[in-house]
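Morning, everyone. Please look at the screen while I talk.

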Amino acid sequence: MNRLAKIGRLLPLTLAIVASAAAAAALTIVKTSSVVSDPQGNLLPKRVPGALVDYTTTITNPNGIFTTVNGLTFTDPIPANTELRVADLGLPGSGPVAFAEGVVPSLLTYSFTSLSSSTDRLDFSNNNGATWTYAPSGGATGYDSNVTNIRVRLGGNQVAGSSFTLRFRVRVK
């Protein structure tokens, strides 16, 4: 097994940025995945049907002291053959996406109200991002296989030298 397979895979993502071209080009974006658990309860879990996988994207603004990125919108397709966990990923009311500041805070803001809210900072699509009005339902399992994409609209400005992470969880079908 190669080392990359053990620590996660670098995966494709889409990041839409409202900023100057110079500021947007300088962002560092790293997306990884890690298997949290599998149905067999393996100590080193595998990506098999029923496995839970976390996808984490770290976005860093390594620019010099005077460069601030204004308004970030992060969109990401849900990987094929998986279903998105739409239940709380953290504390009650936290929603299905975890936002965490880096060592140097980004000063961006994120809020989650409900799966059907049109005023919070998290949107869902069930048509590959053509529209962002889908209201997921986790049912008894907490997962929705109809979600094809997520969009996180962060408020504020990402200051120079800062970073943040976004994490969501899927279950392999």
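Start with one pair. Asp-76 and Lys-31 are both buried. Buried means under 20% relative accessible area, exposed means over 50%, and partly exposed is in between, using a 1.4 Å probe and protein chains only. These two form a salt bridge, with the closest N and O atoms 2.6 Å apart. A salt bridge is a side-chain nitrogen of Lys or Arg within 4 Å of a carboxyl oxygen of Asp or Glu. Asp-76 sits in strand 4 and Lys-31 in strand 2, residues 28–37, so the pair ties together parts that are 45 residues apart in sequence.

A word on where this comes from. This is a predicted model: local features need pLDDT of at least 70, side-chain atom pairs count only at pLDDT 80 or more, and totals for chains, interfaces and linings use all residues. Residues are numbered from 1 along each chain as its sequence is written, and side-chain values use heavy atoms, with hydrogens and water left out.

Now, how many salt bridges are there by this rule? The count is six. Take Arg-169 and Asp-54: their side chains meet in one, at 2.5 Å from N to O. Arg-169 is in strand 10 and Asp-54 in strand 3, so this pair ties together parts that are 115 residues apart in sequence. Both Arg-169 and Asp-54 are buried. Asp-54, Arg-167 and Arg-169 are linked in a network of salt bridges.

One further pair. Arg-171 forms a salt bridge with Glu-83, its closest N and O atoms 2.6 Å apart. Arg-171 belongs to strand 10 and Glu-83 to strand 5, residues 82–85, so the pair ties together parts 88 residues apart in sequence.

Step back to the whole fold. The protein has two helices and ten strands. Helices (H or I, at least four residues) and strands (E, at least two) are DSSP runs, numbered from the N terminus. Of the 173 residues, 38% are buried.

Next, the core. The largest nonpolar core has 27 residues, and Val-152 and Phe-168 are among those with the most contacts inside it. Such a core is a set of buried Ala, Val, Leu, Ile, Met, Phe, Trp, Tyr and Cys residues joined through side-chain atoms within 4.5 Å. Strand 10 gives the largest share of this core, five residues.

Last, which partners does Val-152 touch, neighbours within four places in sequence aside? They include Leu-72, Phe-74, Val-97 and Leu-166. Contact means heavy atoms within 4.5 Å.
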